[in-house]
Amino acid sequence: MYELEEKGYLYLLFIIPILVVVFLYVQYWKRKKQREFGDIELVRKLSPEKSIFKPVLKFSIVLLALIALIFGLINPKMGTKMETVKREGIDIVFAIDVSKSMLAEDVAPSRLDKSKQIVSQIINQLGNDRIGIVAYAGSAFPVLPITTDYGVAKMFLQSMNTTMVSSQGTSLDDAIKLSATFFDKGNKISKLLIMISDGEDHSEGAADAAAEANKTGMKIITIGIGTEKGGPIPLKRNGIVESFQRDNNNEVVTTKLNPESLTAIAKATKGGYVNGNNTKEVLEYIKKALENIEKTEFEATQMANFQSQFQWFLGIAFALLFLDIFLLERTTNWIKKLNLFNEKG
């Protein structure tokens, strides 16, 4: 396994094809001038020691040295083994509503996009906590099991959309029940479920599911996304709104934030509810809540001993440049014997 420490330097590799084009143009220009000077074979006889192969060889060596120097700046790192490390934190599951009502744009850019932004910002302020992700609409769907890899979590988070769950509606109780299975019942690590939704619950028993979760030591914090005034659900094609969701009476559906259902769930586990329209307030609320939750030591497996490899590339680069110093553009006996590029007159 490997990683690139300074990926920004990869852009320097674009210099290589540019240098190749310049070199080829210079060779073409030289041959053109030689033809203008006189007969090409006669010109070669006037300078019998001049090699066609050596300039190509010297340029190739310098080019390889430059590539090695660039990779030295990038500094590839190699992981040598997996090791178990001890961390102190809590287990957090993010349950994100992906029902069609989350497409409403009464909160910019949309309820779902706002939810993803909030979760991403919460992850940014976490330390050694383990996290998982659940998506739910009419039913719940596991997106990412408990992990310490925040980068992978963000990748899965950004891919979430309203087509992930086929059954529509908002089943908060299914989300709670599925999230509870993410936590290991055999350990004493503090368990936190952060639910993000507009609260339009189309199922019954969310409060009962929360009460059952509370018995296992799970605390729930709910974040309400949307406005109580509400808004229509846009139906888009290629990013352009074509129409709005309509009900059986052909009336445009207006979806509204329902904080009451979310507040009831939070109270059942002695958690809390916060309006998600102000990201800063949400982050401050979550930060304070996390400070009041007891951290537990746990073991996590991760790739360790990433070793920097830049020194090998720098060594190769300097060795090639050192070799280039001793390469002259004159022909040598072994080159003459090989007769590369038909250099014998």
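**Helix packing and sheet arrangement in the predicted model**

The axes of α6 and helix α7 (residues 206-215) come within 8 Å and cross at roughly 15°; axes are lines fitted to C-alpha atoms, for helices over the stretch in contact, and angles run from 0 to 180 degrees between N-to-C directions. Helix α6 is therefore roughly parallel to α7, where angles under 35 degrees count as roughly parallel, over 145 as roughly antiparallel, 65 to 115 as roughly perpendicular and the rest as oblique. The model is predicted: local features need pLDDT of at least 70 and side-chain atom pairs count only at pLDDT 80 or more, whereas totals for chains, interfaces and linings use all residues. Residues are numbered from 1 along each chain as its sequence is written, and side-chain values use heavy atoms, with hydrogens and water left out. Helices (H or I, at least four residues) and strands (E, at least two) are DSSP runs, numbered from the N terminus.

The crossing of α6 past α7 is left-handed, that is, the near helix is turned anticlockwise from the far one by less than a right angle. On the α6 side, L172, D173, I176 and K177 meet A206, A209, A210 and A213 of α7; contact means heavy atoms within 4.5 Å. By class, this contact has 6 nonpolar, no polar and 2 charged residues (Ala, Val, Leu, Ile, Met, Phe, Trp, Tyr, Cys and Pro count as nonpolar, Asp, Glu, Lys and Arg as charged, and the others, Gly among them, as polar).

Residues K116, V119, S120, I123 and N124 in α4 meet Y150, A153, K154, L157 and Q158 in α5. The contact of α4 with α5 has 5 nonpolar, 3 polar and 2 charged residues.

An open sheet of 6 strands has the order β6-β5-β4-β7-β8-β13, with mixed pairing; two strands pair if DSSP finds at least two bridges between them. Its edge strands, β6 (140-147) and β13 (272-275), each pair on one side only. Neighbouring strands of this sheet are turned by 15° against each other on average, direction ignored. Within the sheet, β7 (residues 191-197) and β8 (residues 218-224) pair in the parallel sense over 7 bridges, and I196 has I223 in β8 as its bridge partner. Helix α6 (residues 172-182) packs on the sheet, touching β4 (91-97), β5 (130-136), β6, β7 and β8, and its direction makes about 30° with that of β6.

T147 is found in strand β6. A polar atom of the T147 side chain lies 3.0 Å from the backbone nitrogen of D149. Apart from neighbours within four places in sequence, T147 is in contact with D129, R130 and I131.

The bridge partner of L235 in β11 is S243. The hairpin of β10 and β11 has 2 residues between the strands, and N238 takes a positive phi near 55°.

A cis peptide bond joins A108 and P109, with omega about -5°; P109 lies in the loop between β4 and α4. N75, in the loop between α3 (53-74) and β2 (76-78), has a phi near 55°, a positive value in a residue other than glycine.

Note on methods
Polar contact = N/O pair within 3.5 Å; in protein donor to acceptor, adjacent residues only side chain to side chain.
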